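Visitor: I would like to understand how the labels used for this structure follow from the numbers behind them. Could you take me through them with care?

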Amino acid sequence: MLKLQKNKLNLPEESFRLQIKDLAEDVRIKFARKGLSDIFDIISEAAFLIRKPLDIDELSGFSTYFEGQFIIYLNSNFTLGHERYTGAHELYHLIYDADILKKEKIFIDNTKHKEEDTKPDVFASEFLMPEDYVKEVFYKIVNVDKDSVLPRHIIRMHNFFKVSYKAMLKRLIQLDLCSPDKYEELLEICSLENAEQLQALTRREGYSIDLITPSRVTYVPKEYIEFIKTNYERGNISYKNMKYCFEFIGLTPEQFGYEYPKEEDF
């Protein structure tokens, strides 16, 4: 039985982290050989990626399996840094939980799959913030003792690794580059109440605020559009279903030359 409650930050036990670290390195090397390093590019290579804003605070994203195709959905209503982390979390499910996904289609029972849902979080951290490189970059662009880390140092680091401010802070504590005693103090600036303060400090450090604001991007692969068109033209779906599928991504059948069929009860 794995003990993951190491402390109040919910950091994993070191032996467990190192197991997942090996998995993350294997996956990173696999995609690097294809010239892929960005998490969105990697997911697009491995699955059908959909990015779209949802007005559901409880859902960052999910993986599913539908008609022989793995699909990863990311809620772009979260900050871009959060969305990238969710993407890495879902990548773990795609690679290491493929059989479960094929059988159950989607993870919806968090109690049943508690362990399967813990590993992806550790994986995401190890995948997006490799231990050795985090230490190298820290000493290169921050280089202060762990009791002297300031918000501006976290900002430099999280913009380098393109993750959220909070994820970077926890990673620095996990790797003993920042004191756990500084956590509450350093976390305060990324609260909703201090959003403008964090944005101002980020700009002052010379970075855009893209990672700390929602992208609200709507993205689907071109294959999605072709899939809808082909299925309608072959009679596999109705005009009504085609319309819904297009509306899901902000498009209409008319944009592709399809007119309302008089014979269909719509």
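Guide: Let me begin with burial: a residue is called buried under 20% relative accessible area, exposed over 50%, and partly exposed in between, with a 1.4 Å probe and protein chains only. By that rule, both Tyr-232 and Tyr-239 are buried. Please keep in mind that this is a predicted model, in which local features need pLDDT of at least 70 and side-chain atom pairs count only at pLDDT 80 or more, while totals for chains, interfaces and linings use all residues. Residues are numbered from 1 along each chain as its sequence is written, and side-chain values use heavy atoms, with hydrogens and water left out.

Visitor: What makes Phe-62 and Tyr-73 a stacked pair?

Guide: Rings of Phe, Tyr and Trp (its six-membered ring) pair if their centres lie within 6.5 Å, and planes under 30 degrees apart count as stacked, over 60 as edge-to-face and the rest as tilted. A search of the whole structure finds 15 aromatic pairs; for Phe-62 and Tyr-73 the values are 5.4 Å centre to centre and 5° between the planes, and the pair is stacked. Phe-62 lies in strand β2 (residues 61–66) and Tyr-73 in strand β3 (residues 69–75), so their pairing ties together parts that are 11 residues apart in sequence; strands here are DSSP runs of E, at least two residues long, and helices are runs of H or I, at least four, numbered from the N terminus.

Visitor: Why is Phe-62 called partly exposed?

Guide: Because its relative accessibility is 23%, Phe-62 counts as partly exposed, whereas Tyr-73, at 5%, counts as buried.

Visitor: Why is the pair of Tyr-232 and Tyr-239 edge-to-face?

Guide: Their ring centres are 6.0 Å apart and their planes stand at 70°, so the pair of Tyr-232 and Tyr-239 is edge-to-face.

Visitor: How do you know that the charged end of Arg-51 sits over the ring of Phe-40?

Guide: The term requires NZ of Lys or CZ of Arg within 6 Å of the ring centre and within 35 degrees of the ring normal. The charged end of Arg-51 meets it over Phe-40, 4.0 Å from the ring centre, and that of Arg-28 sits over Phe-127 at 5.7 Å from the centre.

Visitor: Why do β1 and β2 count as edges of the sheet?

Guide: Two strands pair if DSSP finds at least two bridges between them. The open sheet has three strands in the order β1-β3-β2, with mixed pairing; β1 (48–52) and β2 each have a single partner strand, so one side of each is left without a neighbour in the sheet. Five bridges join β1 to β3, and these two run parallel.
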